[in-house]
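Notebook open, model loaded. I want to go through the packing piece by piece and jot down what I find.

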Amino acid sequence: MSTPHVVVVMGVAGTGKTTIGPLLAAELGVPYAEGDDFHPAANIAKMSAGTPLDDSDRWPWLDAIGQWAHGRAGLGGVVSSSALKRVYRDRLRAEAPGAVFLHLTGDRALIEERMAERKGHFMPTALLDSQFATLQPLQDDEAGIAVDVSGTPEEITQRAVAALRRLEV
């Protein structure tokens with residue numbers, strides 16, 4: 001990509017944000033930040049107990065991610081964040097106006113299967129339905145692209161890089 005954007009890798013749990021994010025960052029030659037690391041301990045405890053976060057839980061988390069993205073403006077970076085609702089993406093853009101969103105999308109059955117195979121992650125598969133119910137896909141006026149998560153992580157990453165490059169044209 002000709003300009004170093006900050007790319008927010010978004011999508012429901014289990015789409016591979018934590019897998020694709022670092023691969024994408026390596027391809028683009030920019031740092032990666034794991035969005036889950038920005039959660040306060042109370043949020044992780046709540047999700048670990050199978051309780052979905054509400055918006056008041058999300059605001060400090062989104063603000064922290066947005067501040068990281070703002071600090072990378074003009075330098076580039078990749079950060080993961082579910083960013084399921086438009087209002088969440090708007091909040092991120094308020095901190096980092098040039099952010100571009102990479103929405104990882106896929107078949108619910110495939111995503112559930114991948115979630116079930118994960119070890120040591122705090123997000124239970126029981127919350128997947130609430131994630132899909134909350135999801136508002138990118139709208140036409142939002143800078144970003146959607147990439148299907150079928151295939152290997154390397155294939156997904158290459159599709160993402162190609163789509164991000166097309167955004168530049």
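First thing I looked up: is Ser81 buried or exposed? The model is predicted, so I keep that in mind for everything below. Ser81 comes out at a relative accessible area of 1%, and because the cut-off for buried is under 20%, Ser81 counts as buried.

I placed Ser81 in the loop between β3 and α4. Leaving out residues up to four places away in sequence, I listed what Ser81 touches: Val8, Val9, Met10, Gly11, Lys17, Trp61, Leu62, Ile65 and Leu92. I then moved on to Ala83, which sits in the loop between β3 and α4 as well.

**Entry: the aromatic pair**

How many aromatic pairs are there? I count one. Trp59 and Tyr88 make it, edge-to-face, with 5.8 Å centre to centre and 75 degrees between the planes. The edge-to-face label holds because planes over 60 degrees apart get it. Trp59 belongs to helix α3 (residues 55-71) and Tyr88 to helix α4 (residues 86-95), so the pair links distant parts of the chain, 29 residues apart. I checked the accessibility of both partners. Trp59 is partly exposed at 23%, whereas Tyr88 is buried at 2%.

**Entry: α3 against α4**

The pair sent me to the two helices that carry it. The axes of α3 and α4 come within 8 Å and cross at roughly 35 degrees, and the crossing is right-handed. From α3, the contact uses Asp55, Arg58, Trp59, Leu62, Asp63, Ile65, Gly66, Gln67 and His70. From α4, I noted Val87, Tyr88, Arg91, Leu92 and Glu95.

I also checked the length of α3. Its 17 residues should span 24 Å at 1.5 Å a residue, and the end C-alpha atoms are 24 Å apart, which agrees. Which residues of α3 are buried? I wrote down Asp57, Arg58, Trp61, Leu62, Asp63, Ile65, Gly66 and Ala69. The cover over the buried residues of α3 includes β1, α2 (41-48), β3 (77-80) and α4.

Not counting residues up to four places away in sequence, Val9 touches Lys17, Gly21, Leu24, Val78, Val79, Ser80, Ser81, Leu102 and Leu104. Ser81 from my opening entry is on that list.

**Entry: α7**

α7 has 16 residues and reaches 23 Å from its first C-alpha to its last, close to the 22 Å expected at 1.5 Å a residue. I listed its buried residues: Ile156, Thr157, Ala160, Val161, Ala163 and Leu164. A reminder to myself on spacing: an α-helix has 3.6 residues a turn, so residues three or four places apart point the same way.

Key. Residues numbered from 1 in each chain as written. Predicted model: local features only at pLDDT ≥ 70, side-chain atom pairs only at ≥ 80, totals over all residues. Heavy atoms only, no water. Phe/Tyr/Trp six-rings, centres within 6.5 Å; stacked < 30°, edge-to-face > 60°. Helix = DSSP H or I, 4+ residues; strand = E, 2+ residues; numbered from the N terminus. Buried < 20%, exposed > 50% of the residue type's maximum accessible area, 1.4 Å probe, protein only. Contact = heavy atoms within 4.5 Å. Expected span 1.5 Å × (residues − 1). Axes fitted to C-alpha atoms, helices over the stretch in contact; angles between N-to-C directions. Left-handed = near helix turned anticlockwise from the far one by under 90°.
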